[in-house]
Amino acid sequence: MTNASEEVVATAAVPEEAPAVPWPAVSTVMVGMFMAILDSFIVVVAGPAIQADLGASVGQLQWVLAGYQLSYAVFMITGGRLADLYGRKRVFIMGTAVFTLASVVCALAQNPGTLIAARIVQGLGAALMVPQVFVVITLVVSEKSRHRVFGVLGMVIGMATISGQLVGGLLIGADLFGSDWRAVFWVNVPIGIATILFAMKHVPESRAAGGRRLDVPGVVVLSAALLLLTFPLIQGREEGWPWWTWACFVASAAAFGLFIALERMIDKRGGDPLMKLALFSQRSFSLGIVLVLAVYALLTSYYLALSIAMQEGLGMSALGSGLVYTPAAVTFFVFSMIAGRIVPKYGRRVLEVGSVVLAIGYLATAVVLLSGPRLTPLLVIPTLMVQSVGGGLLITPLLNTVLSRVAPETVGMASGALSTAQQIGGALGVAVIGAVFFNSFDPAADGRVEAAGNAFAMSSLTTFLIAVLAAVLVFLLPKQARTSK
């Protein structure tokens, strides 16, 4: 079995006793992570402008959002494995280049079809970038400093998640050079180019010594399983959950079963499987995967519901609805920094407190809206800030808490699986919370403001139930992280 000392690294990893953090390398890969996650959310606020400019149908607009998530989720684990075999730095740079070029095509698109195709390619680029972030941090940062760096990474992930619509609103509102919605894609270009240049200079190359070749059958079967799962989750609500969506779910379960059997056979024969299934025998990782699914189901769907409520219900502009998030974003940033400082001392208890406060924030929003007042930004901003207190304490240390219990030789696979869980969780949350929101949103009967308030209240109540599940999973996590020998 491969161990941590067998990693082939062109630039030596920081020794365990060395506290210094190579911030140029770490910051570079974090920028890639920020761009990838931001683009899952920044387009949400641009939706109405895209629809008006390109004449996109509702279904086409949905695929502008969903095409990115679909390819991102389907190819994440494969992206991690390709990097193990051919070099993390090389694949990270390749992914950033694909992402940046696809952003240019998105910004220049003159019809919905071109935009959708470019978004799918953009998601592929993200799938090549993101898994390398966790591995690079694990390799170049000493174990003593790793909790601090993962705390910063958690803050980057959280800020990208909750600030996407704010950034999108600001860019569209500024209308730089008359670019309107296209600015949300143009902004990726200079950042992407700078990230490539910095990665070439600062990020060390590394690959897994035990890797021999890509498990192509595993890639094909797993990609089919993930596609059969995520496609109906994304498209099902829009189509009214026809029979084929349920057939896809059944076929997905069968494909996952085939993948498990295939990987076991390859591993037993001494081959090089795409995913070592022994990883899932670790209780902390299995619970962590479900926890990440639940948490990211909350985030994606909830902010999408709020954006629709602000724009469709209250008639706010993209910039105005984006500014509603500003107090919550600031609160999240502050408590993310606090979490990074106190997790080394208090450990899992920080996540426990965060999960409980997050659930209380969702419940408070539902109670306030159901008690009678009409929906206004000032009504929900305080409860959004409560949610951000909990989110900062939970989301920031979450991935490090799960990965710290994983052996170094499997951290690449584990990070790919966790990143996939983030995207599947987002798609699942949009399917569930989206169904709740739109089934409760009846402006013809109630008026737009009342309908939006009621729909957002029901969405908050449903999100609260998912948050309770996440809190239970946090309390079930092992208290002690894996210790190095």
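**Helices, a loop and some rings**

Let's start with helix 3, where the buried residues are M76, I77, T78, G79, G80, R81, A83, D84 and L85. Before I go on, keep in mind that this is a predicted model. Helix 3 spans residues 76–86, and with nine of its 11 residues buried it is mostly covered.

Where does L274 sit? It lies in the loop between helix 10 (243–268) and helix 11 (283–313). And is L274 buried or exposed? It counts as buried, because its relative accessibility is 1% and the cut-off for buried is under 20%. One more on L274: R213 is 61 residues away in sequence, yet C-alpha to C-alpha the two are 9.6 Å apart in space.

Okay, next up, helix 15, with two partners to talk about. Take helix 14 first, residues 348–370, against helix 15, residues 377–403: the axes come within 8 Å and cross at roughly 155°. How do helix 14 and helix 15 run relative to each other? They are roughly antiparallel, because the cut-off for that is over 145 degrees. The crossing of helix 14 past helix 15 is left-handed. If you sort the residues in that contact by class, you get 17 nonpolar, nine polar and no charged ones.

Then there's helix 13, residues 326–346, whose axis comes within 7 Å of that of helix 15, crossing at roughly 30°. That angle is under 35 degrees, so helix 13 and helix 15 are roughly parallel to each other. Here the crossing is right-handed. On the helix 13 side, the contact includes A328, T331, F332 and F335, and on the helix 15 side S388 is one of the residues taking part. By class, this contact has 14 nonpolar, six polar and no charged residues.

Let's zoom in on S388, which lies in helix 15. S388 counts as buried, because it has 2% relative accessibility. What does S388 touch? Not counting residues up to four places away in sequence, it touches Y303, A328, T331, F332 and F335.

How many aromatic pairs does the structure hold? There are 10 of them. One is W181 with F185, an edge-to-face pair, 6.1 Å centre to centre with 90° between the planes. Both W181 and F185 are buried. Another edge-to-face pair is F280 with F285, at 5.3 Å centre to centre and 70° between the planes. In that pair, F280 is partly exposed, because its relative accessible area is 36%, whereas F285 is buried, with a relative accessible area of 0%. And ring pairs also link W241, W246 and F249 into a cluster.

Terms used: Residues are numbered from 1 along each chain as its sequence is written. This is a predicted model: local features need pLDDT of at least 70, side-chain atom pairs count only at pLDDT 80 or more; totals for chains, interfaces and linings use all residues. Side-chain values use heavy atoms; hydrogens and water are left out. Rings of Phe, Tyr and Trp (its six-membered ring) pair if their centres lie within 6.5 Å; planes under 30 degrees apart count as stacked, over 60 as edge-to-face and the rest as tilted. Buried means under 20% relative accessible area, exposed over 50%, partly exposed in between (1.4 Å probe, protein chains only). Axes are lines fitted to C-alpha atoms, for helices over the stretch in contact, and angles run from 0 to 180 degrees between N-to-C directions. Helices (H or I, at least four residues) and strands (E, at least two) are DSSP runs, numbered from the N terminus. Angles under 35 degrees count as roughly parallel, over 145 as roughly antiparallel, 65 to 115 as roughly perpendicular and the rest as oblique. A crossing is left-handed if the near helix is turned anticlockwise from the far one by less than a right angle, and right-handed if clockwise. Ala, Val, Leu, Ile, Met, Phe, Trp, Tyr, Cys and Pro count as nonpolar, Asp, Glu, Lys and Arg as charged, and the others, Gly among them, as polar. Contact means heavy atoms within 4.5 Å.
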